[in-house]
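Please consider the following note while viewing the model.

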Amino acid sequence: IQARHEARLTARDLEKYTVYLAEMEKVVLLLLSLSSRLERAEEELACGNLTDWEKEAIRRKRDKLSQQLQEAHVFKDMSDKRQTKVEAMMQGDEILATFRAYIGKREQLLREQKA
């Protein structure tokens with residue numbers, strides 16, 4: 001599928017397409033990593049046998065991870081905007097539908113791989 005898209009694009013559009021795919025992959029992996037780490041921090045806090053010092057350290061870690069996750073969502077929004085621009089380069093409804101399905105499948109595979 002990727003080869004078909006690449007064959008139809010100009011060199012400049014191909015570069016935009018390639019940058020978008022790399023960026024999308026990094027953003028999805030970042031979101032998954034931060035979400036997982038935040039979930040672990042929450043689970044550690046729920047554990048009842050921690051000292052006050054350990055609880056405070058985990059709270060700080062949780063708060064920092066939460067902030068980083070919010071920032072990662074901003075990156076995801078920017079990536080989604082870039083996807084819209086890449087989609088504009090796709091000519092034809094069938095090609096656009098194929099591209100969207102490809103992106104969806106790629107995100108799904110990244111999530112499954114990380115799980």
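Helices (H or I, at least four residues) and strands (E, at least two) are DSSP runs, numbered from the N terminus. Asp63, for example, lies in helix α3. This is a predicted model, in which local features need pLDDT of at least 70 and side-chain atom pairs count only at pLDDT 80 or more, while totals for chains, interfaces and linings use all residues. Residues are numbered from 1 along each chain as its sequence is written, and side-chain values use heavy atoms, with hydrogens and water left out.

1. Packing of two helices. Helix α2 (residues 11–46) and helix α4 (residues 93–114) have axes that come within 10 Å and cross at roughly 35°. Axes here are lines fitted to C-alpha atoms, for helices over the stretch in contact, and angles run from 0 to 180 degrees between N-to-C directions. The crossing of α2 and α4 is right-handed, a term used if the near helix is turned clockwise from the far one by less than a right angle.

2. Residues between these helices. Contact means heavy atoms within 4.5 Å. On the α2 side the contacting residues include Tyr17, Tyr20, Leu21 and Met24, and on the α4 side they include Phe99, Tyr102, Ile103 and Arg106. By class, the contact of α2 with α4 has 11 nonpolar, one polar and five charged residues. Ala, Val, Leu, Ile, Met, Phe, Trp, Tyr, Cys and Pro count as nonpolar, Asp, Glu, Lys and Arg as charged, and the others, Gly among them, as polar.

3. Aromatic rings. Which residues do ring pairs link into a cluster? They are Tyr17, Tyr20 and Phe99. Rings of Phe, Tyr and Trp (its six-membered ring) pair if their centres lie within 6.5 Å; planes under 30 degrees apart count as stacked, over 60 as edge-to-face and the rest as tilted. The count comes to two aromatic pairs. Tyr17 and Phe99 have ring centres 5.9 Å apart and planes at 45°, so this pair is tilted. Tyr17 in helix α2 and Phe99 in helix α4 are 82 residues apart, and their pair links distant parts of the chain. Tyr20 and Phe99 form a tilted pair as well, with 6.3 Å from centre to centre and 50° between the planes.

4. Nonpolar cores. Buried means under 20% relative accessible area, exposed over 50%, and partly exposed in between (1.4 Å probe, protein chains only). A nonpolar core is a set of buried Ala, Val, Leu, Ile, Met, Phe, Trp, Tyr and Cys residues joined through side-chain atoms within 4.5 Å. The largest such core has 15 residues, of which Tyr17, Tyr20, Leu21, Val86, Met90, Phe99 and Ile103 touch the most other members. Two or more residues come from each of α2, α3 (52–89) and α4, and α4 gives the most, with six residues. A second, separate core of 10 residues includes Leu31, Ile58, Leu69 and Ala72.

5. Ile58 is found in helix α3 and is buried, with a relative accessible area of 10%. Leaving aside neighbours within four places in sequence, Ile58 is in contact with Ala41, Glu44, Leu45 and Leu50. Asp63 is partly exposed, with a relative accessible area of 45%.
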